[in-house]
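Thanks for taking a look at this one with me.

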Amino acid sequence: MDRTLLILGVELRQAFRAGSSADGKSSRAKRIARNIMGYAVLLTIAVFMGRGAYNIAANLSEELAACPNVVRTVWVNLMSGLSLGIFIMFFMTGVSVVYQTLYESGDLKFLLSTPTPAGSVVAAKLIVALVRNLMAIVPFMYPVWVGYGAGSGAPVSFYIMSLLAIVFAALLFTAVVAIFVMLVMRIIPTQKMRQIIMIGSLAVGFAFVVVFQVFNAKMARSNGLDTAQLAQAAQGWGLGNTWYLPHVWVVKTALLTTSEFGFSFAESLLPLAVTAVGAFASVIGLSTKAFLAGWSAAREVEKGRKKPNGRRRRRALLRIGRKVAGDDLAEGVSPALSDTMIRRHVSQGWGIFAKDLTILMRQPVIWYSVLVALVASGFYIYNMSYGMRSGDVGSMVGLMKDIVLFVLVMMSTISSSQMAGMCISMDGESLWAIRSMPIEPGTYYNSKMALAMLPGSAVFTVLALAMTFVSDLPQYPLYVSLPVGYAAISMLGSIGLMFDAIKPNFTIRMSGAGGPKRDASKALISMGVSLVGTFLLGVAFAFKGYYSSFSILAGIDRQVATCISVIAFTAIVVAGHVVARSIAIGNIKRMLRGESN
Amino acid sequence: MITTYDLTKRFGDMLAVDSLDLSVGAGEIFGFLGPNGAGKTTSINMMIGILTPTGGRVELAEIDVAKDPTKAKSITGYVPDQPNLYEKLTAWEFLMFVANLHKVEKGRAEKKAKNLLEMFELIDRADEQLGGYSHGMRQKVVIASALLHEPKILFMDEPTVGLDPASARLVKDILRELASEGVTVFMSTHILEIAERMCDRVGIIQKGRLLAVGNMDDLRQAAAAKGAMKHPEASTLEDLFIELTGGSDYAEVSRYLEG
Ligand SMILES: Nc1ncnc2c1ncn2[C@@H]1O[C@H](COP(=O)(O)OP(=O)(O)OP(=O)(O)O)[C@@H](O)[C@H]1O
Ligand SMILES: [Mg+2]
């Protein structure tokens with residue numbers, strides 16, 4: 001126990017010092033200012049989300065004041081959607097956090113060489129993973145709950161209970177994933193199989209959670225919006241038949257002290273806390289048997305066949321005298337080396353891009369996030385098509401097209417912003433090589449930009465095609481939606497890239513024995529900014545669809561309005577690119593020259 | 001080929017490199033010695049333009065490193081003190097990546113890379129990912145990558161660390177060969193035997209200040225001028241090094257060891 005605390009203390013100190021380099025170049029004031037700015041952006045996002053939630057909740061209570069049962073049912077369903085959202089977000093970002101913290105932390109080699117029991121090490125690392133997972137989720141989720149709470153007049157204890165519920169949810173998720181990963185690492189013999197099984201089953205788990213949600217949503221809809229039926233369903237607050245699901249425990253825990261719901265301790269906090277703590281204890285118990293072997297297995301690299309090498313070395317040595325690796329040395333002796341795409345064109349930009357792509361394709365985490373992105377997108381398309389058909393689209397066809405398009409853009413940017421946020425950081429593994437070579441900052445930026453755009457554009461292309469051929473929602477033809485989507489994704493990618501250039505995190509190692517010290521606030525800010533960016537782009541592009549509902553603008557001619565939409569959209573894209581590019585290149589230049597920032 | 005003017009680096013209050021004035025000619029092998037933390041790596045990093053000096057400047061073959069870093073970097077090869085590599089790339093891919101960044105023509109790069117891998121006995125494992133390489137193997141890959149584009153100036157920060165005796169010997173042979181072809185070699189090392197046998201001139205740095213520079217005779221004179229060397233004529237580089245960088249500390253150590 002005290003060793004666990006000791007390790008945690010060291011981790012904490014490291015985390016605090018992570019932002020401040022020993023280098024004297026950037027002044028303390030500047031660093032503090034930058035931190036304050038980061039927190040301010042974070043706070044703005046939180047307030048933004050909280051206010052939105054507050055408004056919805058306040059409106060709901062006001063409009064449906066006559067039938068409190070309905071309000072409560074809607075309220076519970078929204079909450080349960082949110083808490084499911086928490087688990088979905090965990091699945092998207094939390095799995096790699098758990099794996100990397102447990103198996104790829106740089107200090108594990110040292111810790112395991114000391115007489116510290118594996119249980120203490122694992123306990124400390126698990127808590128670190130828990131905190132990282134929480135930090136990635138709380139700033140987004142908690143404000144929404146607080147907003148709902150304030151809007152619906154919940155008691156003070158609600159705020160505490162909902163935070164407690166989130167913490168337990170994170171603990172449960174972290175511990176269960178840890179158990180799973182540990183077992184796979186221990187039992188499955190080869191590295192490749194381990195990765196396939198781990199990625200495959202987690203993606204299936206994720207799909208399961210999502211499909212279950214679709215199923216639920218469908219059932220809720222088939223109930224119709226008949227008030228009487230709703231009131232009937234509200235008898236069990238709509239959650240009675242799913243008492244065994246963790247996200248239901250989370251909702252009930254949050255609402256445990258809100259008396260009008262009347263949830264009991266035994267159906268909320270008790271199962272949640274017991275399973276979470278039980279899972280945590282199982283991880284510790286399991287670690288003495290499974291951790292060390294699994295950890296060393298994680299560091300294996302697949303080997304090709306080994307051929308004996310005879311006297312070649314001697315011959316080579318003898319020839320050194322004449323010329324260093326001259327042209328006459330190895331003809332006919334060298335075995336064929338595999339072709340690599342890095343060599344396809346001799347250009348610096350391509351070299352960097354192809355190198356990054358080669359590395360990424362070997363990164364299991366990437367494949368996991370691609371799978372998750374596709375499952376999530378499939379779910380949204382399905383849900384959207386279903387929801388829209390049953391609702392009345394009617395006069396809003398124009399606006400519908402824009403909404404459909406920008407929801408797709410948003411889905412795609414999530415994967416792109418993740419990628420953009422580590423484009424430059426990933427060179428930390430071998431930064432000296434990048435720095436010591438004759439690269440212009442612009443070339444470097446362009447190739448990273450291509451990389452940042454890649455996953456988002458790929459996902460977007462798949463989604464746009466799927467929408468066109470599968471769904472009967474009103475939508476733009478591909479020759480409009482594709483360019484608009486790519487333009488939006490490229491701008492959002494450049495903003496993500498800019499954030500990574502401003503504050504690259506060179507301690508993340510894509511692979512091997514590095515400490516994956518994720519910079520949670522940077523990821524959040526960049527995600528928040530790209531959400532806001534998507535929103536702005538959408539508002540600009542959809543101008544032609546909604547302008548007539550504002551009385552001042554109603555007189556504008558339709559074609560003029562379309563022009564305004566296109567021009568505004570283009571202007572935002574161009575401006576975003578120009579600003580992000582110039583800031584990023586300035587930072588890259590300093591990075592290449594080794595100026596500290 | 002390498003000239004530094006008043007080169008200085010501060011980390012906070014600490015003066016890591018203090019007004020370094022050095023000049024190394026073409027085809028020369030220059031050895032850079034000094035105790036741990038003396039400022040060797042910091043100096044080299046400033047010379048190749050991957051660390052911005054607090055003051056002073058560096059010229060490589062008449063190119064001002066601060067003004068045109070890209071051009072300066074295109075004629076240098078660099079072996080860092082730590083062989084950190086992209087763990088998910090194979091040795092072959094890494095060399096091809098480096099060749100691309102130096103714009104080495106395709107056929108030439110492949111031939112050259114194959115030859116280098118062969119010399120370092122890595123050719124049979126060139127298709128394996130670098131994450132599975134041992135420390136010495138990585139060091140060899142890094143050295144090969146620095147030679148790939150036939151640089152005019154080679155900066156090597158402790159190049160033989162982790163190499164087996166035969167490979168260390170190979171590196172020494174390569175450096176001699178390159179120097180005879182006119183390549184300038186600037187290397188830091190803790191192995192005095194290498195410095196003594198290979199380097200045309202040696203510089204000794206301590207706490208950021210250059211204590212002495214020159215060939216063995218120059219160093220002897222410097223040591224003699226500094227204090228009472230008993231037999232200036234007979235002393236080895238080791239004696240000179242210890243004399244110049246703080247013989248008194250050393251004397252204390254031996255007193256401690258003797259009890
Ligand atoms: N990024 C940095 N921030 C703060 N101080 C630094 C930094 N890099 C180096 N130093 C300090 O500068 C001094 C010189 O370090 P340097 O790495 O150049 O030593 P060195 O001569 O290469 O030593 P070694 O023989 O151990 O490799 C040391 O005191 C070190 O603590
Ligand atoms: Mg050093």
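Here are some numbered notes on the ligand site, a helix, several salt bridges and a few single residues.

1. A word on conventions. This is a predicted model, in which local features need pLDDT of at least 70 and side-chain atom pairs count only at pLDDT 80 or more, while totals for chains, interfaces and linings use all residues. Residues are numbered from 1 along each chain as its sequence is written, chains are lettered from A and ligands numbered from 1 in the order in which they are written, and side-chain values use heavy atoms, with hydrogens and water left out.

2. Let's start at the ligand. Which residues come nearest to ligand 1? Of the 13 residues around ligand 1, these are B:Gly37, B:Lys40, B:Thr41, B:Thr42 and B:His190. A residue counts as near if one of its heavy atoms lies within 4 Å of the molecule or strand in question. By class, this shell holds five nonpolar, six polar and two charged residues. In that scheme Ala, Val, Leu, Ile, Met, Phe, Trp, Tyr, Cys and Pro are nonpolar, Asp, Glu, Lys and Arg are charged, and the others, Gly among them, are polar.

3. Some polar contacts deserve a look; the term covers a pair of N or O atoms within 3.5 Å, and within protein one must be able to donate a hydrogen and the other to accept it, with residues adjacent in sequence counting only if both atoms are side-chain atoms. A polar backbone atom of B:Gly37 is 2.8 Å from an oxygen atom of ligand 1. For B:Asn36, an N or O atom in the side chain is 3.1 Å from an oxygen atom of the ligand. B:Ala38 has a backbone N or O atom 3.2 Å from an oxygen atom of ligand 1. Taken alone, ligand 1 exposes 640 Å², and the protein buries 65% of that; accessible areas come from the Shrake-Rupley method with a 1.4 Å probe, and for residues only the protein chains shown count as cover.

4. Which elements of chain B give two or more residues to the shell around ligand 1? They are strand 2 (14–24) and helix 1 (40–47), and helix 1 of chain B gives the most, with three residues. Helices (H or I, at least four residues) and strands (E, at least two) are DSSP runs, numbered from the N terminus.

5. Stay with strand 2 of chain B for a moment, as B:Asp18 has its place there. B:Asp18 is buried, at a relative accessible area of 15%. Its side chain makes a polar contact of 3.1 Å with the side chain of B:Arg209. Buried means under 20% relative accessible area, exposed over 50%, and partly exposed in between (1.4 Å probe, protein chains only).

6. Over in chain A, helix 12 (residues 348–361) has 14 residues, which at 1.5 Å a residue should span 20 Å; the end C-alpha atoms are 20 Å apart, in agreement. The expected span is 1.5 Å times one less than the number of residues. Twelve of the 14 residues in helix 12 of chain A are buried, so it is mostly covered. Among those buried are A:Phe353, A:Lys355 and A:Asp356.

7. A:Lys355 and A:Asp356 also belong to a network of salt bridges with A:Asp427 and A:Lys448. A salt bridge is a side-chain nitrogen of Lys or Arg within 4 Å of a carboxyl oxygen of Asp or Glu. The whole structure has 21 salt bridges over all chains.

8. Here is a pair that spans some sequence. B:Glu150 forms a salt bridge with B:Lys112, their closest N and O atoms being 3.1 Å apart. B:Glu150 lies in the loop between helix 5 (135–147) and strand 7 (153–157) of chain B, and B:Lys112 in helix 4 (residues 106–119) of chain B, so the pair ties together parts that are 38 residues apart in sequence. B:Glu150 is partly exposed at 43% relative accessibility, whereas B:Lys112 is buried at 8%.

9. B:Arg169 and B:Asp173 meet at 3.7 Å, N to O; both lie in helix 6 (residues 165–180), four residues apart, about one turn of the helix. B:Asp64 pairs with B:Lys67, the closest N and O atoms being 3.7 Å apart. Here B:Asp64 is buried, at 13% relative accessible area, while B:Lys67 is exposed, at 68%.
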